[in-house]
Amino acid sequence: MEQKKDIFDFLKVNKTEAPASDYFENLVTNTLAAKKSKAIIIPLYKKPIVWLTAVAAVLIAVLITNAFRPSDEEQHVLVAMNDLSKSEINKYIEENIDDFDTDLISEFISFEQIEDSNSVKTDNTPITIDELTDEDILEYFNDEGIDIYELSDDEIYI
Amino acid sequence: MNKYPEDQEILSLNAQGGTHVEEAFRLIVAKFGEGLYHQIRRITKNHEHTNDILQNVLIKVFENLSAFKGDSALYTWLYRIARNETLNFLDKEKRRSGVDLDPAIFEIIAGHATLDQMEPDKISQLLEAAVNNLPEKQALVFQLKYFEELPYKEIASRLHVTEGALKASFHIAKQKIEDYLVSHLNQSTI
């Protein structure tokens, strides 16, 4: 009785070609070389802590450098200010004093300058009511055309 | 029988670190490289592609050998990496145009009603698909026994299983592949 054959009995395997005798030795050498060349570059950036620290250090360095260096616009303003005479600056301030607010002015005036200005009295220095005599007050009312007999008690008090 | 050290000796060598790591790696390639080469080349049918894939496989082996816990035989682990790398390569290669330089892996022996009408390349493709459908261990046993024609004793030594278990595994694998081939060949000839 003939033995039952399966499909594999009708297939003959062709062996795949074998590589050269030194192929595997060269393959090991090439693989290790490829691995080493990768190892030089990759590990630094594969470690997130090292990578993030490096980025943070660079950012801080850039911020510090820029924080203490005037921008281009600020540098132009400083150069232009140096070209102006003091009288030109005073004239500009007088003409545009309404554009300055007290916060802006205070940024440019030191505490010592304020102290000095308080100790020197000029024609424009404000005076207090205690420094005025009755004659000064009456003269002011006359100049302003105010009749003191028409003022109410509250207004006189002021 | 085997001129190379056992898996455990290679792994112990690798665990010692330093220059021993490279020595362990060389032993792995010397012991298993040819089997991996044929495994890949039977599918790519091209030495250049095989070379590229095998190098990628070996880089992964080198990078991950220390993490290998020895839950399976070393060759089973290597086979799995090579199989995945090859399938990934084929997936990418479909988008290009792969060139088969090798002849078909089969010759058809006259006498089978259906096979006589088929091209050997078509049979190769079907067999490859059938092997890929097998569980990993059966696919590995089939490859070593059918394509490599290794004796059961040597396969048992490589895979750390008994010869009886191997024979059963090979029988089941063959049966599944035959069922797959017959089913698809019948569809092709209808």
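In this predicted model, A:Val28 lies in helix α1 of chain A, the helix that covers residues 23-46. The relative accessible area of A:Val28 is 2%, and because buried means under 20%, A:Val28 counts as buried.

Beyond its neighbours within four places in sequence, A:Thr31 is in contact with B:Phe25, B:Gln55, B:Leu58 and B:Ile59.

Read from the N terminus on, the elements follow the order α-α-α-α-β-α-α-α-α. Chain B has 190 residues, of which buried residues make up 48%. Among the contacts in chain B with a separation of 6 or more, 65% are between residues 24 or more positions apart.

One pair of helices to examine in chain B is α3, residues 47-64, and α4, residues 74-93, whose axes come within 9 Å and cross at roughly 135 degrees. Because of this angle, α3(B) is oblique to α4(B), and the crossing in which α3(B) passes α4(B) is right-handed. On the side of α3(B), the residues that meet α4(B) include B:His49, B:Ile53, B:Val57 and B:Val61, while those on the side of α4(B) include B:Trp77, B:Leu78, B:Ile81 and B:Phe89. Sorted by class, the contact of α3(B) with α4(B) has 8 nonpolar, 4 polar and 3 charged residues.

A second pair is formed by α6(B), residues 136-147, and α7(B), with axes that come within 10 Å and cross at roughly 140 degrees; this crossing, too, is right-handed. Here B:Leu140, B:Val141, B:Leu144 and B:Lys145 in α6(B) meet B:Tyr152, B:Ile155, B:Arg158 and B:Leu159 in α7(B). The residues of this contact divide into 6 nonpolar, no polar and 2 charged.

B:Leu159 deserves a look of its own, and it is found in helix α7 of chain B, which covers residues 152-159. With a relative accessible area of 9%, B:Leu159 is buried. Leaving aside neighbours within four places in sequence, B:Leu159 is in contact with residues including B:Leu140, B:Val141 and B:Leu144, and also with B:Ala73, B:Tyr75 and B:Thr76. B:Leu159 and B:Leu74 are 85 residues apart in sequence, yet their C-alpha atoms are 7.7 Å apart in space.

In soluble globular proteins, nonpolar side chains tend to be buried together. In this model the largest nonpolar core has 65 residues, and those with the most contacts inside it are B:Leu54, B:Leu74, B:Leu78, B:Phe106, B:Phe142, B:Tyr146 and B:Ile177. Of these, B:Leu78 takes part in the meeting of α3(B) with α4(B). B:Phe142, not counting residues up to four places away in sequence, touches B:Val131, B:Phe147, B:Phe170, B:Ala173, B:Lys174 and B:Ile177, and it also touches A:Phe8 of chain A.

Technical notes. Residues numbered from 1 in each chain as written. Chains lettered and ligands numbered in written order. Predicted model: local features only at pLDDT ≥ 70, side-chain atom pairs only at ≥ 80, totals over all residues. Heavy atoms only, no water. Axes fitted to C-alpha atoms, helices over the stretch in contact; angles between N-to-C directions. Helix = DSSP H or I, 4+ residues; strand = E, 2+ residues; numbered from the N terminus. Parallel < 35°, antiparallel > 145°, perpendicular 65-115°, else oblique. Left-handed = near helix turned anticlockwise from the far one by under 90°. Contact = heavy atoms within 4.5 Å. Nonpolar A, V, L, I, M, F, W, Y, C, P; charged D, E, K, R; others polar. Buried < 20%, exposed > 50% of the residue type's maximum accessible area, 1.4 Å probe, protein only. Core = buried A, V, L, I, M, F, W, Y, C linked by side-chain atoms within 4.5 Å.
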